[in-house]
Amino acid sequence: MEDRAITSTLSLSSQSALPEEDKSMLQILGGHSLSGEVSISGAKNSALVIMAGALLCSGDCRLRNVPSLIDVRRMGEILSALGVKLERQGNVLDINASQFEVTKAPYELVSQLRASFFIVGPMLARLGVARVPLPGGCAIGARPVDLHVRGLQAMGADVQIEHGTVHAHIKGGKKRLQGARIYLDCPSVGATETLMMAATLAEGETILENAAQEPEVTDLANFCRSMGANIQGAGTNTIVISGVPQLHSTDYPIIPDRIEAGTFLVAGAITRSEISLFPIVPDHLTAVVAKLKEIGVKVVLEAPDRMRVIPTQQHRATDIETMPFPGFPTDMQAQFMALLTLSDGNSIITETVFENRLRHVAELNRMGADIRVKGNIAIVRGVPLLSGAPVVATDLRASAALVLAGLAANGTTTIQGLHHLDRGYDNLEGKLKGLGAKLERIKGDSTEAIALLSPAPVG
Ligand code: UD1
């Protein structure tokens with residue numbers, strides 16, 4: 001049973017190992033319109049943190065609507081290495097952390113996934129000790145963890161960083177962390193989640209001020225509450241957690257991925273196509289829908305959980321500033337930039353959340369876009385058309401932006417660096433093909449796909 005569980009974890013995704021994926025490329029024949037309905041998978045950022053949250057409970061946790069992603073597979077591998085049993089069937093993932101007693105996470109696995117740092121809070125809360133290698137920076141910025149560390153210290157943990165590893169234990173021979181009032185210097189999603197998880201099993205009340213309000217934070221809170229945690233205020237900037245001695249089994253569905261949904265809304269807009277998305281949570285998409293409307297695209301709510309994008313032939317320019325939720329999400333900035341390259345007039349995009357998140361600009365410019373960057377600001381001058389080109393994905397959302405640009409461009413776009421895309425989009429190619437897009441994944445150095453794709457339509 002145990003072997004089977006681990007094997008199933010390792011095959012969480014049907015994708016092959018990373019080096020092969022690195023070599024493959026996506027060829028897109030642009031200029032085709034899309035139609036039909038696309039199903040939106042469970043939220044990556046919820047699934048990852050909720051998988052770590054399952055460490056808080058010694059009973060069975062059944063998660064539904066878990067997306068098939070490399071990041072999810074990697075988180076599964078990390079949990080397995082800690083003694084946790086996992087079994088996946090379709091979108092359902094069963095996690096049992098009753099045998100969770102390993103207090104050191106393996107560097108080889110943790111270093112491949114930034115979100116792996118989420119295990120520090122539950123590990124410390126449940127076992128009293130945690131040794132987790134620092135995740136390091138990533139393509140979009142340094143991504144420090146000082147707010148996570150300071151919050152855990154306020155809750156009575158001794159936290160030292162030695163040789164690149166966070167060593168934490170509960171001070172004073174106590175068995176449980178202590179509730180505390182914690183003000184976050186900025187509303188960090190990760191820090192809010194780490195501290196919320198740690199506080200569920202702490203002694204007394206924890207108050208998180210200036211907390212992140214992202215839907216994934218609320219989803220984590222709802223998951224913890226389904227296990228018996230006492231959490232109030234998730235989704236606002238003040239979250240109050242009254243610790244309980246232990247949590248119980250649960251069966252929990254993960255929310256739809258608002259960033260995947262936003263990406264498909266832009267896919268409809270940029271290809272001038274009418275498509276429906278299901279399931280979605282409209283309140284999670286308010287900022288993105290507002291900006292689409294501002295540039296002339298219609299978005300209608302066909303049902304409480306179904307949205308249709310109705311395109312317009314000519315888009316107006318607009319300005320965007322990324323913000324914590326409910327502001328415009330940084331995770332949609334690159335995709336929206338692709339759309340604005342084809343709009344009428346000048347748009348200004350200001351990235352305020354991460355310091356290095358405009359690397360897709362150079363690649364979009366290779367496709368004929370006219371974008372200049374000054375610091376964290378991109379000035380996009382709309383052009384009448386993009387032309388297909390070989391490009392390289394620099395991070396997860398940048399890769400989505402290049403796919404969108406490729407769908408709209410004249411001719412063939414070849415995207416390298418697909419391991420970024422596979423980290424965070426569940427079957428993006430299959431879903432786009434289902435809508436009528438012309439694209440194929442090919443092995444590196446191969447020219448086969450050119451034959452697989454039919455010629456571009458005129459106009
Ligand atoms: C999460 C999301 C990511 C999203 C981001 C912002 C996951 C797995 N990832 O990332 O997709 O783009 O929220 O919505 O959920 N910061 C500090 N010190 C800290 C923590 C953060 O200075 O201890 C800074 C970061 O460097 C960054 C900003 O705060 O500039 C926001 O980061 P944060 O909200 O923590 O993002 P993540 O949780 O890493």
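How many nonpolar, polar and charged residues does the shell around the ligand have? By class, there are eight nonpolar, five polar and five charged residues. Here Ala, Val, Leu, Ile, Met, Phe, Trp, Tyr, Cys and Pro count as nonpolar, Asp, Glu, Lys and Arg as charged, and the others, Gly among them, as polar.

This is a predicted model, in which local features need pLDDT of at least 70 and side-chain atom pairs count only at pLDDT 80 or more, while totals for chains, interfaces and linings use all residues. Residues are numbered from 1 along each chain as its sequence is written, and side-chain values use heavy atoms, with hydrogens and water left out.

**Around the ligand**

Of the 18 residues around the ligand (a heavy atom within 4 Å), Asp146, Leu147, Ser188, Asp331 and Val353 come nearest. The table lists polar contacts, meaning pairs of N or O atoms within 3.5 Å.

| Residue, backbone atom | Distance to a ligand oxygen atom |
|---|---|
| Pro144, N or O | 3.3 Å |
| Val189, polar atom | 2.8 Å |
| Val353, N or O | 2.6 Å |

Taken alone, the ligand exposes 740 Å², and the protein buries 83% of that (Shrake-Rupley method, 1.4 Å probe).

**A four-stranded sheet**

Now to the strands (DSSP runs of E, at least two residues). Four of them form an open, mixed sheet in the order β21-β22-β1-β23; strands pair if DSSP finds at least two bridges between them. β21 (390–392) and β23 (438–442) stand at the edges with a single partner strand each, so one side of each is left without a neighbour in the sheet. Strands β1 (residues 25–29) and β22 (residues 412–416) pair in the antiparallel sense over four bridges, and Ile28 has Thr413 in β22 as its bridge partner.

How values were computed. A polar contact is a pair of N or O atoms within 3.5 Å; within protein, one must be able to donate a hydrogen and the other to accept it, and residues adjacent in sequence count only if both atoms are side-chain atoms.
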